[in-house]
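The following note sets out numbered remarks on the model shown below. Please read each point alongside the sequence and the coordinates.

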Amino acid sequence: MSQLKSETTAGDPGERSFLGQPRVLANLFGVELWERFSFYGMQGILAIYLYYSAAQGGLGISETVALGIVGAYGGAVYLSTIIAAWIADRLLGAERTLFYSACLVVLGHLGLALIPGIAGVGVGLVLIALGSGGVKANASSLVGTLYAADDERRDAGFSLFYLGINLGALVGPLLTGLLQKQWGFHFGFGLAAVGMILGLIQYTLGRGRLPAASRVVPNPLPAAERGRWIGIAVAAVAVIVVLCPTGVITAPRLANIVIGISAVAAVALFAVILLSNHVTAIERSRVWAMVPLFIASAVFWSLYQQQFTVMVVYSDQRLDRDIFGWEMPVSWVNSINPVFIILLAGVFAALWTKLGSRQPSTPVKFGLGTILMGLAFWAFLLMPSGAHSVPLIGLAFILLLFTLAELLLSPVGLSLATKLAPARFQTQMMALFFLSIALGTAMSGRLAEFYDVSNDSGFFWWVGLASVVVGVLLLIGNRPIRKLMAGVH
């Protein structure tokens with residue numbers, strides 16, 4: 001097997017055609033850059049499209065329902081990563097799953113751009129959620145197939161890959177916001193579609209150069225079981241089709257539905273792992289350690305993802321967007337965080353490397369990140385009141401706190417899921433971390449329903465307090481959690 005693995009990776013370290021990395025990395029870099037360009041570009045104008053009046057080019061949905069839809073959609077993206085990972089592991093392999101997922105993203109953006117009204121929102125968001133989850137779940141694993149286990153270029157390759165993610169997240173809202181402001185929402189959605197089409201074209205042209213390992217199905221579904229799973233999928237779709245017109249599934253309920261599905265899925269997955277006979281006592285202890293960290297992660301993301309719900313309304317109605325007589329598009333605020341990520345991600349990586357064994361433990365990092373997220377919400381209380389009175393520098397400072405909190409928790413959480421995972425449940429533990437993001441993102445939509453832009457101090461105070469309390473409890477529980485982690489730092 002080791003010989004096969006060596007042959008199926010892009011293994012010539014001497015190939016230096018893309019910044020010293022395997023040439024095919026440029027292909028994955030590009031598809032992820034354009035997918036993030038389209039994803040964040042669309043999301044930057046989605047909320048205001050939903051609640052702006054028809055005279056402003058929007059749909060005229062109430063702000064409360066609009067923000068709930070955005071939160072539910074974001075949660076569905078992370079829920080779909082679980083489905084996409086299963087499809088890649090059991091049916092198609094990572095490469096084909098990524099390709100078909102990118103096709104779904106293109107169709108979704110075209111649906112938003114070309115289909116008028118709420119029908120376009122429904123078709124577009126469902127397809128984009130399914131497709132983006134597939135891209136997110138498989139792109140990183142494909143990067144891993146480009147390197148042999150001992151290839152020293154691996155970390156640098158992943159750094160370049162994540163640079164592509166943040167470049168797309170930076171540029172997308174800038175350009176779609178400009179088009180939305182000048183020509184209307186459907187032109188902004190159309191640009192997101194064009195970006196993803198460009199990404200799909202360049203990926204299609206280069207996908208043949210990906211190593212054979214990218215097309216391997218790790219755990220093929222036996223032919224005898226396919227009928228059962230097809231039946232389950234058809235039944236699930238049929239239930240959704242029935243529940244929508246009967247009023248059980250409605251736009252105001254979407255956030256609650258995604259919260260419920262995420263919570264049930266997380267409890268079920270924890271139970272499956274903890275009750276398995278294939279898990280040792282030490283592994284079971286480490287899974288228990290994941291429980292408080294899962295809760296903290298969900299709380300963190302419920303605040304962090306307010307960038308696409310509450311902060312959109314805040315930027316639209318409270319922020320002074322006048323720049324020398326020109327009004328900045330609302331969506332440009334969503335490009336501030338990627339700038340900070342690009343500037344600071346390397347600083348944090350260097351800091352943890354320098355500290356080595358002296359760096360804070362994972363529970364402490366999680367606790368500090370959650371506390372900092374709460375402090376960021378309290379910082380809103382320091383901003384001046386009144387319409388369009390908040391200075392841009394003030395909101396940029398708050399988003400800097402968002403970024404610092406993110407760098408303390410998000411990459412650490414991804415790493416933690418792999419370190420705490422039992423040998424037989426590696427993928428499922430990563431799924432649990434994504435479920436915490438799905439739960440938190442859907443909760444962000446539910447929390448946003450309580451936001452009142454005309455009297456928002458209570459919202460920022462109580463939501464920030466909840467995050468600070470959770471972070472403090474983690475710091476207090478650092479020692480017992482580390483004991484459960486059984487040697488994992």
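1. R228 and E225 form a salt bridge (a side-chain nitrogen of Lys or Arg within 4 Å of a carboxyl oxygen of Asp or Glu), and their closest N and O atoms are 3.4 Å apart. Both residues belong to helix α8, three residues apart, about one turn of the helix. Helices here are DSSP runs of H or I with at least four residues, numbered from the N terminus. R228 is partly exposed at 49% relative accessibility, and E225 is partly exposed at 28%. Buried stands for under 20% relative accessible area, exposed for over 50%, and partly exposed for values in between (1.4 Å probe, protein chains only).

2. On the basis of these remarks: this is a predicted model, in which local features need pLDDT of at least 70 and side-chain atom pairs count only at pLDDT 80 or more, while totals for chains, interfaces and linings use all residues. Residues are numbered from 1 along each chain as its sequence is written, and side-chain values use heavy atoms, with hydrogens and water left out.

3. The structure holds eight salt bridges. One of them pairs E95 with R207, with the closest N and O atoms 2.7 Å apart. This pair links distant parts of the chain, 112 residues apart: E95 is in helix α4, and R207 is in the loop between α7 (185-206) and α8 (223-243). E95 counts as buried, at 2% relative accessibility.

4. R446 forms a salt bridge with E449, the closest N and O atoms being 2.8 Å apart. R446 is partly exposed at 28% relative accessibility, whereas E449 is buried at 18%. Salt bridges that share partners also join K181, D316, R321 and E327 into one network.

5. Helix α4 (residues 94-114) also contains S101. S101 is buried, with a relative accessible area of 7%. Setting aside residues up to four places away in sequence, S101 touches G131, G134 and V135; contact means heavy atoms within 4.5 Å.

6. How far apart are the end C-alpha atoms of helix α5 (residues 117-144)? They are 41 Å apart, which agrees with the 40 Å that its 28 residues should span at 1.5 Å a residue; the expected span is 1.5 Å times one less than the number of residues. Helix α5 bends by about 25° at N138, the bend being the angle between axes fitted to the seven residues ending there and the seven starting there.

7. The largest nonpolar core has 112 residues, and M42, L50, Y73, M373, L395, F402 and L432 touch the most other members. Such a core is a set of buried Ala, Val, Leu, Ile, Met, Phe, Trp, Tyr and Cys residues joined through side-chain atoms within 4.5 Å. Helix α14 (residues 392-420) supplies the largest share, 13 residues. A second, separate core of 24 residues includes L28, L98, V106 and Y203.

8. The whole structure has 29 aromatic pairs. Rings of Phe, Tyr and Trp (its six-membered ring) pair if their centres lie within 6.5 Å; planes under 30 degrees apart count as stacked, over 60 as edge-to-face and the rest as tilted. Y314 and F380 are edge-to-face, at 4.9 Å centre to centre and 75° between the planes. Y314 lies in helix α11 (residues 310-317) and F380 in the loop between α13 (362-379) and α14, so the pair ties together parts 66 residues apart in sequence. Y314 is buried at 1% relative accessibility, and F380 is buried at 5%.

Note on methods: Helix = DSSP H or I, 4+ residues; strand = E, 2+ residues; numbered from the N terminus.
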